[in-house]
Each structure stands twice: as C-alpha cells, then as structure tokens.
Amino acid sequence: MTGDGSDPDTDSGLAERRGLDEAVVYQPAEDSGLLAEAALEEAHGRVLEVGTGSGWVAQRIAEERGLDVVGSDLNPHAARQVADRGVEGVVADLLAPFRADAFDAVCFNPPYLPTDPDNEWGDWMEHALSGGESGRELIEPFLDDVGRVLAPGGVVLLLVSSLTGYDEVLALADDAGFAAEPVVEESFPFETLTVLALRRE
Ligand SMILES: C[S@@+](CC[C@H](N)C(=O)[O-])C[C@H]1O[C@@H](n2cnc3c(N)ncnc32)[C@H](O)[C@@H]1O
C-alpha cells in the first residue's frame, strides 16, 4: 500500500523514511540550479544524470523537456528519492553498469570539495561533497569512462568549481578527447561555478 492518506501507519512510515532519505542525500543548491539550467538548454534524447542526489535536476529535465531520463547514484537513499519523483533511479558507481552508446546526454554535478584525507568524515554526505585531496577524484574516472556510454553526437554537461581547478579539469577533458565549452557560469563569494558542455573532438 502506498501513502495515499488511507492508512495512517503507512503514511507515518513513509514520512519517516522520506525524512531519513533527505537527511543523508544532497538537497538542491546553487550548483544543482546551474546544472539544471545547462541541461534544459543542451540535453537531448536519452539522458543520464550521474550522482542524481535528490533527483531534482533529473525531474526537471524529464518534466520540462519531456526527455527520457535515468538518475543514478552510489547512495541508495538518493536512488529512492529520484524514483519517488517519478524518474527511473539506479544505484551505480559512476558509469559502471551502463552499456556503450546508451545516452545522448550525461549530466554530472560531482562531489568536488578538496578534502584533507585526515579530515574525511565517512558518511553519505562525504560522498556527496568530497572530491578527495585534489577535488577531482571522481571527475577523473568519470571523464575516463563517459565517452564509452555516450552515443554519437552526444554531450556531457559537467559542473566545475574554481575550488576544483578549472584549468585542470579542462586538461582532463582534453586528454579524454573532448572539446569544452562553458554553457552557464556564476560567481559566489568563495567559488565560481561553471557548467561545461563536452563534445567529442
Ligand atoms: C554534489 S552532489 C549532487 C547532487 C545532485 N545531482 C544535485 O545537483 O543537486 C553529488 C552526488 O554524487 C553522488 N556520488 C558520489 N560518489 C558517486 C559515485 N562513485 N557514483 C555515483 N554517484 C556518486 C553523491 O551521493 C551525491 O548525490
């Protein structure tokens, strides 16, 4: 039975489960808004949002562009949240389970904060925020593999923070065979956020 208002016990269980999921899943912030803005402009065809978190970006792409979207995340609470939003949710480590040429657009707002290994805190919010010592520990394997799942003519939309090293990420994208073009950019007191559109050179 779903939480449709007819069973108070089930409703409170559902509310409790949703509360727990929200506590351990990254909720939409400025970076999410920028990724959504770029994706609404550039995405086409079948779309994958890697690291979907709350699923808010994936839901906007599905509803506002009418595209077929999958939201994936290492965090099972996130995969459940995106499914609660009516978007297909998959538990996945980066791109591992997806087949070659499967998507026309792949979006990713990665965990990107440079983190001292001695200060790692070891929970789902660390997975959401920490990009390891360089800030690029998830970006590197993502860029190494994303060309495999991208269909011909496809586009990758990758959020980059100045804290992560913009030029370093451009160099990694170039090494992976992509030409990069900024789609949206916004500056905040401590960082500048850019969403890059990456296309095969
Ligand atoms: C900064 S949050 C972005 C969440 C959401 N896309 C947004 O923009 O609001 C990064 C997300 O990446 C997920 N993540 C971390 N490591 C991952 C991995 N190896 N594979 C897939 N997702 C991962 C985290 O669980 C988190 O939900």
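1. In this predicted model, the buried residues of helix 3 (56-65) are Trp56, Val57, Ala58, Gln59, Arg60, Ile61 and Ala62, where a residue is called buried if 20 or more other C-beta atoms lie within 10 Å of its own, exposed if 12 or fewer do, and partly exposed in between, with C-beta atoms placed from the backbone. Because 7 of the 10 residues of helix 3 are buried, this helix is largely enclosed by the rest of the structure. Helices (H or I, at least four residues) and strands (E, at least two) are DSSP runs, numbered from the N terminus.

2. Some words on how to read the model: residues are numbered from 1 along each chain as its sequence is written. Because the model is predicted, local features need pLDDT of at least 70 and side-chain atom pairs count only at pLDDT 80 or more, whereas totals for chains, interfaces and linings use all residues.

3. What covers the buried residues of helix 3? The cover includes helix 2, strand 1 (46-50), strand 2 (68-73), helix 4 (76-84) and strand 4 (103-108), with contact taken to mean that the C-beta atoms of two residues, placed from the backbone, lie within 7 Å. Just after helix 3, Gly66 takes a positive phi of about 65 degrees.

4. The ligand is surrounded by 24 residues, of which the closest are Ser32, Gly51, Gly53, Leu74 and Asn109; a residue belongs to this shell if its C-beta atom, placed from the backbone, lies within 6 Å of the molecule. Two or more residues of the shell come from each of helix 2 (30-42), helix 3 (56-65) and helix 5 (124-129), and helix 2 gives the most, with 3 residues. By class, the shell holds 13 nonpolar, 8 polar and 3 charged residues, where Ala, Val, Leu, Ile, Met, Phe, Trp, Tyr, Cys and Pro count as nonpolar, Asp, Glu, Lys and Arg as charged, and the others, Gly among them, as polar.

5. The sheet is open and is formed by 7 strands in the order 3-2-1-4-5-7-6, with mixed pairing; two strands pair if DSSP finds at least two bridges between them. Strand 3 (88-91) and strand 6 (178-187) stand at the edges, each with a single partner strand, so one side of each is left without a neighbour in the sheet. From one strand to the next, the twist averages 20 degrees. Strand 1 and strand 4 pair in the parallel sense over 4 bridges, and Phe108 in strand 4 is the bridge partner of Val50.

6. Helix 2 lies across strand 4, strand 5 (150-161), strand 6 and strand 7 (192-200), running at about 155 degrees to strand 5. Helix 7 (residues 166-175) lies across strand 5, strand 6 and strand 7, and runs at about 155 degrees to strand 6. For these angles, axes are lines fitted to C-alpha atoms, for helices over the stretch in contact, and angles run from 0 to 180 degrees between N-to-C directions.

7. The loop between strand 3 and strand 4 contains Leu94 and also Asp101. Phi is positive in Leu94, near 45 degrees, although this residue is other than glycine, and in Asp101 phi is likewise positive, near 60 degrees. Leu94 counts as partly exposed because it has 19 C-beta neighbours inside 10 Å, whereas Asp101, with 12 such neighbours, counts as exposed.
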